[in-house]
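Have a look at the fold, then follow the notes below.

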Amino acid sequence: MRIDRHGNMELTEEEDADLLERLEIPESEHNDPPVEIECVGMENDVATFKATNTKTGKHVLMVFDLMRPD
């Protein structure tokens, strides 16, 4: 995962597929998934995001290590 210069989250194909599966998004909705992602915390070089299936309310937490620029 990376955040682009506009603040948009970009997931790898594998991360995206895993997230859609964990949120129980049907394959028919993969092109425009009902998913909202929000940052819920940043501390100790770790960022935590909450991804929510906006149709069902099911959510998962995603935790990533922060990378510092060299």
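The protein chain has an average pLDDT of 89, with 96% of the residues scoring at least 70; pLDDT is the predictor's confidence in each residue, from 0 to 100. This is a predicted model, where local features need pLDDT of at least 70, side-chain atom pairs count only at pLDDT 80 or more, and totals for chains, interfaces and linings use all residues. Residues are numbered from 1 along each chain as its sequence is written, and side-chain values use heavy atoms, leaving out hydrogens and water.

**Confidence**
- Strand E1 (residues 2-3) has the lowest confidence, at a mean of 74, while helix H1 (residues 13-22) has the highest, at 94.
- Helices (H or I, at least four residues) and strands (E, at least two) are DSSP runs, numbered from the N terminus.

**Nonpolar core**
- Ten residues is the size of the largest nonpolar core, among them Leu-19, Leu-20, Phe-49 and Met-62.
- Such a core is a set of buried Ala, Val, Leu, Ile, Met, Phe, Trp, Tyr and Cys residues joined through side-chain atoms within 4.5 Å.
- At least two residues of this core come from each of H1, strand E4 (46-53) and strand E5 (59-65).

**Two loop residues**
- Glu-29 lies in the loop between H1 and strand E3 (35-43), and it counts as buried because its relative accessibility is 19%.
- Buried means under 20% relative accessible area, exposed over 50%, and partly exposed in between (1.4 Å probe, protein chains only).
- Asn-8 sits in the loop between E1 and strand E2 (9-10) and is partly exposed, at 41%.
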